[in-house]
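Student: I would like to learn how to read a structure like this one. Could you walk me through it step by step?

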Amino acid sequence: MGACRNADLRSQKEKGQSGLAAFTQYAIQGTDMSKSDSLELYEVFLRSRRGLDHKHVGSLHAEDPEQALEYARDVYTRRGEGVSIWVVRSNDICASQEDDSESFFDPSNDKPYRLATYYQLPDEVNNM
Amino acid sequence: MKAKILEYSTRLGDDSLVLGHRLSEWCSNAPFLEEDLALINVALDYIGRARMFYGYAAELSADGRNEDDFAFMRDQREFSNLLIHELPKGDFAFTMLRQLFIDLFNSLFLPRLAESSDKTLAAIAAKAIKETRYHLRRSHEWTLRFGLGTDESRERAQRAIDQLWGYTHEMFDLDALESELAEAGIGVDSGALKTEWEQQVSAILTEAELEQPGEQWAVKGGREGYHTENLGQLLNEMQSVHRAYPGLEW
C-alpha cells in the first residue's frame, strides 16, 4: 500500500513464472534461457533535438549500463531519432502504482484555484 | 590507371559485400534480440559500403554494368575478397573476433584511404571511418566479455583466435596492382600498417586475458580469385534470387 515499487514489471513477471514456463518461453523464442538471470532491463530516454527534453522511448535488455547505451543506439536511433541517449536501470525507477491513483491524483481535481486560469487579472496588469 | 582503380574499388567492394552477407546470416539467429539488431546494423554498414565501391567501379567501367551486376553476376573466380571475410560465421565468438581483427584493420586502413588522391575513394573512406569506430567499440567490448567471462566464453574466443590468425596475414599483403596504386597516392600501403595492427591486437588480447596466437601459418589467394569452398556456397545463396529473376524491380 503506497509503497515504492520499481517499474521493472517485465522482469518481475518473468521471475513470477514457474521454471518450466520460463524454459518453454525461451526455448520457443530460441533465446538463451539464462537471459532473464544475466541480463538486466533498462529504460531508454532519447533527446530528439537539441533544446528538447529526453523522452522515454522504450526498454531493452543488457548486461551493464555501457552495453545498454550501445544497444539503445542500435535499437532506437536507427532512423536518426536522437542526439542524446540516457539509459536507466528499470529497477532504479520508483514508480507510482495504479492502486494509489485515487489517493495520489483525485484530490487535485477540485482545486481549480491552483490553475493560473482561475484568476481574473485586473485590467491594469498588462502583458502577463 | 582507370582500369586499375576499377579493379581496386571492386576488391574493396568484394571485401565489404562478403563480410556484410556473412553478418546478415545472424539475422534472427543472434544470441538475443538487442544483439540481433546491433549486428544487422553492422551488416548494413558493410553492404552500404559495398554499394559505394561497386557503384564507383561501375562508373569507371562505363560499359553499362551497375552495382548489382558486380554483386550478383560475377562468379567465384572473379571475386577478389580477402579470405578472412568469407569464412563461415561460426559461433558468436568467432564472428566477433573476426570483427575485432577486421575492425582494427579498417580503423588503420580507412584514415589512409581517406587521404587518397582519388576523390571518390577518399569520400567513401571518410564516411566509413565513423561506422568502423563504432564497430570497433563493439568488437573490443565483446572480446573483453568473452575473455573475462566464463570458462566457455574464454575457450570459444581462444579457439576463434587460433582459427582466424592464419587468415589475418593476407590483409597486409600487397600485390603489384596494390603496390602501384599505393605509390601513386591512390591506394593504401597496408603492409605498413601491420606492426601497429599487431600491437593493438596484442594490447586488447592482454586486456581480455586471452593468449596471443602462437601458430605461424598463412593462407592467401583471395585477391587472385582462389577461394575456400565457403565462398561458392555463399554466392550460390546470395545470388540465387537475382539470377532467377534478372533485372526484376520491386
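Student: In chain B, what share of the contacts with a separation of 6 or more is between residues 24 or more positions apart?

Tutor: Let's begin with the ground rules. This is a predicted model, in which local features need pLDDT of at least 70 and side-chain atom pairs count only at pLDDT 80 or more, while totals for chains, interfaces and linings use all residues. Residues are numbered from 1 along each chain as its sequence is written, and chains are lettered from A and ligands numbered from 1 in the order in which they are written. Two residues are in contact if their C-beta atoms, placed from the backbone, lie within 7 Å. In chain B, residues 24 or more positions apart make up 75% of the contacts with a separation of 6 or more.

Student: Which elements build chain B, and how many are there?

Tutor: Helices (DSSP runs of H or I, at least four residues) and strands (runs of E, at least two) are numbered from the N terminus. Chain B has 9 helices and 0 strands.

Student: What radius of gyration does chain B have?

Tutor: The radius is taken over C-alpha atoms, and the globule rule is 2.2 Å times the number of residues to the power 0.38. For 250 residues, a compact globule would come out near 18 Å, and chain B agrees, because its value is 18 Å. Its C-alpha atoms fill a box of roughly 55 × 40 × 30 Å along the principal axes.

Student: How much of chain B is buried?

Tutor: A residue is buried if 20 or more other C-beta atoms lie within 10 Å of its own, exposed if 12 or fewer, and partly exposed in between, with C-beta atoms placed from the backbone. Of the 250 residues in chain B, 39% are buried.

Student: Which residues touch the most other members of the largest nonpolar core?

Tutor: In soluble globular proteins, nonpolar side chains tend to be buried together. A nonpolar core is a set of buried Ala, Val, Leu, Ile, Met, Phe, Trp, Tyr and Cys residues joined through C-beta atoms within 7 Å. The largest one has 71 residues, and B:Phe53 and B:Leu97 touch the most other members. Helix H4 (residues 92-113) of chain B gives the most to this core, with 12 residues. Leaving out residues up to four places away in sequence, B:Phe53 touches B:Ser9, B:Leu12, B:Gly13, B:Ser16 and B:Ile124.

Student: At what angle do helix H5 and helix H6 of chain B cross?

Tutor: Axes are lines fitted to C-alpha atoms, for helices over the stretch in contact, and angles run from 0 to 180 degrees between N-to-C directions. The axes of helix H5 (residues 119-148) and helix H6 (residues 151-168) of chain B come within 6 Å and cross at roughly 120°. That makes H5(B) oblique to H6(B); angles under 35 degrees count as roughly parallel, over 145 as roughly antiparallel, 65 to 115 as roughly perpendicular and the rest as oblique. Among the residues making this contact are B:Phe146 of H5(B) and B:Ala157 of H6(B).

Student: Where is B:Ser28, and is it buried or exposed?

Tutor: B:Ser28 lies in the loop between helix H1 (2-24) and H2 of chain B. With 9 C-beta neighbours inside 10 Å, B:Ser28 counts as exposed. Its phi is near 75°, a positive value in a residue other than glycine.

Student: What is the phi of B:Glu209?

Tutor: B:Glu209 has a positive phi of about 55°, although it is not a glycine. You will find B:Glu209 in the loop between helix H8 (194-207) and helix H9 (229-244) of chain B.
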